[in-house]
Amino acid sequence: METSTPRVTCPYLNSYVGKNVMVVGKVAQIRGEDAIIDADGNISCKLNRDAHLVPGNGVQVIGKVNPDLSLKVLSSLDLGTSVDYNLANTVVEISHQHKGLFAYE
């Protein structure tokens with residue numbers, strides 16, 4: 001059975017507690033094993049050992065949403081500085097408006 005990893009921004013996290021999601025945002029802050037990602041609001045992320053984030057860069061994170069709405073990072077990809085965040089947020093909005101096209105049930 002295939003499962004989807006929906007693209008979300010901060011306002012959608014409460015709908016996905018306990019599930020895996022994908023977030024594209026800007027690295028606002030890093031403190032040890034924790035990071036703050038700005039994705040239409042700040043998301044606290046618990047990093048794994050493979051995460052090599054750079055403050056100010058864009059990042060794509062796949063993670064599990066914790067009950068406190070933080071993310072336990074499963075994988076991350078540095079996107080550099082040339083990220084169109086408006087486009088990333090538009091993709092999130094469209095994918096939620098047309099879930100049947102983007103999600104496996």
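Q: Which residue in S5 does Val 65 stand opposite?
A: Val 65 stands opposite Leu 71 in S5. Just so you know, this is a predicted model.

Q: What else stands opposite Leu 71 in S5?
A: Cys 45 also stands opposite Leu 71.

Q: In which sense do S4 and S5 pair, parallel or antiparallel?
A: Antiparallel, over eight bridges. S4 covers residues 58-65, and S5 covers residues 71-80. Within that pairing, Gly 63 faces Val 73 of S5.

Q: And S3 with S5, parallel or antiparallel?
A: S3, which spans residues 42-46, pairs with S5 in the parallel sense, over two bridges.

Q: What holds paired strands to each other in general?
A: Strands of a sheet pair through backbone hydrogen bonds, and the pairing can be parallel or antiparallel.

Q: How many residues sit between the strands in the hairpin of S4 and S5?
A: Five residues lie between the two strands of that hairpin. One detail to look at there is Leu 69, which takes a positive phi near 70 degrees.

Q: Zooming out, what do the strands form together, and in what order do they run?
A: They form a closed barrel of five strands, in the order S1-S2-S3-S5-S4, and the pairing is mixed. On average, neighbouring strands of this sheet are turned by 50 degrees against each other, ignoring direction.

Q: New topic: where does Thr 9 lie?
A: Thr 9 is in the segment before strand S1, and S1 itself runs over 20-31.

Q: Is Thr 9 buried or exposed, and why?
A: Thr 9 counts as buried because its relative accessibility is 1%, and the cut-off for buried is under 20%.

Q: Which residues does Thr 9 touch, not counting residues up to four places away in sequence?
A: Thr 9 touches Ala 39, Asp 40, Ile 43, Asn 89 and Val 92.

Q: Where does Ser 95 lie?
A: Ser 95 belongs to helix H1, which covers residues 85-97. With a relative accessibility of 9%, Ser 95 counts as buried.

Q: What lies 2.8 Å from a polar atom of the Ser 95 side chain?
A: That would be the backbone oxygen of Val 92.

Q: Which residues is Ser 95 in contact with, leaving aside its neighbours within four places in sequence?
A: Ser 95 is in contact with Arg 7 and Phe 102.

Methods:
Residues are numbered from 1 along each chain as its sequence is written. This is a predicted model: local features need pLDDT of at least 70, side-chain atom pairs count only at pLDDT 80 or more; totals for chains, interfaces and linings use all residues. Side-chain values use heavy atoms; hydrogens and water are left out. Helices (H or I, at least four residues) and strands (E, at least two) are DSSP runs, numbered from the N terminus. Buried means under 20% relative accessible area, exposed over 50%, partly exposed in between (1.4 Å probe, protein chains only). Contact means heavy atoms within 4.5 Å. A polar contact is a pair of N or O atoms within 3.5 Å; within protein, one must be able to donate a hydrogen and the other to accept it, and residues adjacent in sequence count only if both atoms are side-chain atoms. Two strands pair if DSSP finds at least two bridges between them. Axes are lines fitted to C-alpha atoms, for helices over the stretch in contact, and angles run from 0 to 180 degrees between N-to-C directions.
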